[in-house]
Amino acid sequence: MNPWINYHHLLYFKTIAEEGSVSKAAEKLKLGQPTLSAQLKQFEEALGVKLFERQHKKLILTEQGKVALDYARSIFKMGSEMYEVLHDRLVPQKPSLSIGALDSIAKQIVLQLVKKAHEIGPCLVTISEGKSDELIRELTSHKIDLLLTNFLPTALESKSLFHRVITKKNVGFFASSKFKSLRKNFPQSISGQPMIVPTYDSKLRYDLEHWSKANQINLNIIAESQDIAVNKLMAISGMGLIPAAYYAVNRQILAGELVELGQLHGVYEELLLVTADRRIENPIAAKLMKNFVV
């Protein structure tokens, strides 16, 4: 059975974390330092985790402490809102949804996810972009609710994570019209041609290298970027060829900025929606995990 949270202890912890020291927190709370230190110790013992580490006479939040502080802030914010709502002073805020997305995810997919969230109900959506390892840390510490990725977390990372494939599409090579002649004898025709590829933060990079070896294609890589938007701009300018799923470049195809050279048999881009196990479930995130598809 889980222990009851002592909200006085939670307030003391939150104040110490925000003030940066027991002495400053004691002054703000008008408590003695020994008393406050003892209360913090009791709180850590009740939770069974260490919330702070002392470094050079400073209190530094541990990873568990950072998670606890996020929850503490949310709890006290909700408590204040409850009081105001009960006294007809405040309209409840819209529920929030925090989404993390790899830079390599096409922006229109992010847009579709945000639109679907608003179809479910009025909400405030916050979007963060970054690398896979950074966003997974954000997800496991509950700083974001959902992760949109094309890279399945490793076994170690995925212990408390759940994922669902939302689309699986063939990958092809695309380029400006000056490379149009490479359609003939594809894929051998692209061997040695200048290419702009994703970094190793994307599973597509590994799949592309495996495909090139199997088909004896020389990958002449002249640039690499995790940001699909940057890769498309370089391809449009005529710098080289880019591998991508059709949905990521369909607007550029329709506008005549890029042409398709050919499909890579056996190479796919899978997009996944990932969430972390948590006791208080975000209802909008839960519905997206269940129903969102591309």
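Predicted model: local features only at pLDDT ≥ 70, side-chain atom pairs only at ≥ 80, totals over all residues.

Visitor: What actually holds paired strands together?
Guide: Strands of a sheet pair through backbone hydrogen bonds, and the pairing can be parallel or antiparallel.

Visitor: And what sheet does that pair belong to, what's the strand order?
Guide: It's an open sheet of six strands, in the order 4-3-5-10-6-9, and the pairing is mixed.

Visitor: Which ones are the edge strands?
Guide: Strand 4 (124-130) and strand 9 (242-245) are the edge strands, each pairing on one side only.

Visitor: By how many degrees are neighbouring strands turned against each other?
Guide: On average, neighbours in this sheet are turned by 25° against each other, ignoring direction.

Visitor: Which residue of strand 10 is the bridge partner of Thr149?
Guide: That's Leu272. Val165 stands opposite Leu272 too.

Visitor: OK, helices now. Which strands does helix 5 lie across?
Guide: Helix 5 (residues 107-120) lies across strand 3, strand 4, strand 5 (146-149) and strand 10 (259-276). Helix 5 runs at about 155° to strand 4.

Visitor: What about helix 10, what does that touch?
Guide: Helix 10 (residues 283-291) packs on the sheet as well, touching strand 3, strand 5, strand 6 (161-175) and strand 10. The direction of helix 10 makes about 55° with that of strand 6.

Visitor: At what angle do helix 5 and helix 10 cross?
Guide: Roughly 120°, with their axes coming within 10 Å. That angle makes helix 5 oblique to helix 10.

Visitor: Is that crossing left-handed or right-handed?
Guide: Right-handed.

Visitor: Which residues meet there?
Guide: From helix 5 you've got Leu113, Lys116, Ala117 and Ile120, and from helix 10 Ile284, Lys287 and Leu288. Sorted by class, this contact has five nonpolar residues, two charged and no polar ones.

Visitor: Switching topic: what's going on at the start of the chain?
Guide: There are helices to look at there. Helix 1 (residues 7-19) and helix 3 have axes that come within 9 Å and cross at roughly 110°. They are therefore roughly perpendicular to each other, and their crossing is left-handed.

Visitor: Which residues make that contact?
Guide: Helix 1 brings His9, Leu10, Tyr12, Phe13 and Ile16, while helix 3 brings Leu36, Gln39, Leu40, Gln42 and Phe43. Those split into seven nonpolar and three polar, with no charged residues.

Visitor: How does helix 2 pack with helix 3, what's the angle?
Guide: Helix 2 (residues 22-29) packs with helix 3 (residues 33-47) at about 110°, their axes 9 Å apart. So helix 2 and helix 3 are roughly perpendicular.

Visitor: And who's in contact there?
Guide: Val22, Ser23, Ala25, Ala26 and Leu29 come from helix 2, with Gln33, Leu36 and Ser37 from helix 3. By class that's five nonpolar, three polar and no charged residues.

Visitor: Zooming out, how many helices and strands does the chain have?
Guide: It has 10 helices and 10 strands.

Visitor: What's the radius of gyration of the chain?
Guide: It's 25 Å, whereas a compact globule of 294 residues would come out near 19 Å. Along the principal axes, the C-alpha atoms fill a box of roughly 80 × 45 × 35 Å.

How values were computed. Residues numbered from 1 in each chain as written. Heavy atoms only, no water. Pairing = 2+ DSSP bridges. Helix = DSSP H or I, 4+ residues; strand = E, 2+ residues; numbered from the N terminus. Axes fitted to C-alpha atoms, helices over the stretch in contact; angles between N-to-C directions. Contact = heavy atoms within 4.5 Å. Parallel < 35°, antiparallel > 145°, perpendicular 65-115°, else oblique. Left-handed = near helix turned anticlockwise from the far one by under 90°. Nonpolar A, V, L, I, M, F, W, Y, C, P; charged D, E, K, R; others polar. Rg over C-alpha atoms; globule rule 2.2 N^0.38 Å.
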